[in-house]
Amino acid sequence: MGKRRLALCAGVLTVTAFGPAACAAYAADGGDVSVVPAAPAPGADIALRVTGCDAREAVAQSPALVSDARLTPDDGDGLAGDGRVRSTVTAGTYTVTVACDGTEHKGTVEVVRKQAPAAGAEPSAHPSPVAPVNAGGGGSARVFADGRERHGPGAAQTVVALALAGTAALTVHRAARRQARRGRGTG
């Protein structure tokens, strides 16, 4: 795939994935402070952005946030940063205020109630470790905990590695041939 086609596909994918969420977040707050996602659950991480602020940094404050969020310049014409919604906050709409160069910029974040799991459904993660933690030794704790020792990659990993190596070699070979042809054609 050519560089232009790859860049075009990546751009389309990015707009498709993030465009509606960003538009909804900006439309929901009605101000120059945007929050993504616009309706987080308690304990969720959020991205904050303010436009129309010429300062080098600012602080976003809200009763819904665990702590003040530090905003720094982003790639556009504003300031951006991350925050976390308090896990104990109740569902509702909260004001987000950013003080910037003596001006207050406001927006809102609508905290939604967490969905209760269906009856009989098990949680996806345990609140505390129930087996050896994959820490130290590159995650070897689990390997040694079950008593079996594994030696080297399996057949599937070997086949995938050989296929990737072959593809890489073929790509390099084709590029070298193209380069050689270009060199002969100009002389």
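I first looked up burial of the two cysteines: Cys53 is buried, and Cys100 is buried as well. The model is a predicted one.

I then searched the whole structure for disulfides and found one. Cys53 and Cys100 form this disulfide, with their sulfur atoms 1.5 Å apart. I noted a torsion of about 90° about the S-S bond of Cys53 and Cys100, so the disulfide is right-handed. Cys53 lies in the loop between β2 (45-51) and β3 (58-61), whereas Cys100 belongs to strand β6 (residues 92-100), so the pair ties together parts that are 47 residues apart in sequence.

Next I examined the largest nonpolar core, which holds 22 residues; Leu48, Val50, Ala60, Leu71, Val96 and Val98 touch the most other members. Two or more residues each come from β1 (33-36), β2, β3, β4 (69-73), β6 and β7 (103-111). β6 gives the largest share of this core, four residues.

I listed the contacts of Leu71, leaving aside its neighbours within four places in sequence. Among them are Leu48, Val50, Ala60 and Val98, which are also among the core members that touch the most others. Leu71 is in contact with Arg56 and Glu57 too.

Last, I looked up Ser62, which lies in the loop between β3 and β4. Ser62 has a relative accessible area of 12%, under the 20% limit, so I recorded Ser62 as buried. The side chain of Ser62 reaches the backbone oxygen of Thr95 at 2.9 Å. Leaving aside neighbours within four places in sequence, I found Ser62 in contact with Tyr94, Thr95 and Val96.

Notes. Residues numbered from 1 in each chain as written. Predicted model: local features only at pLDDT ≥ 70, side-chain atom pairs only at ≥ 80, totals over all residues. Heavy atoms only, no water. Disulfide = S-S within 2.5 Å. Buried < 20%, exposed > 50% of the residue type's maximum accessible area, 1.4 Å probe, protein only. Core = buried A, V, L, I, M, F, W, Y, C linked by side-chain atoms within 4.5 Å. Contact = heavy atoms within 4.5 Å. Polar contact = N/O pair within 3.5 Å; in protein donor to acceptor, adjacent residues only side chain to side chain.
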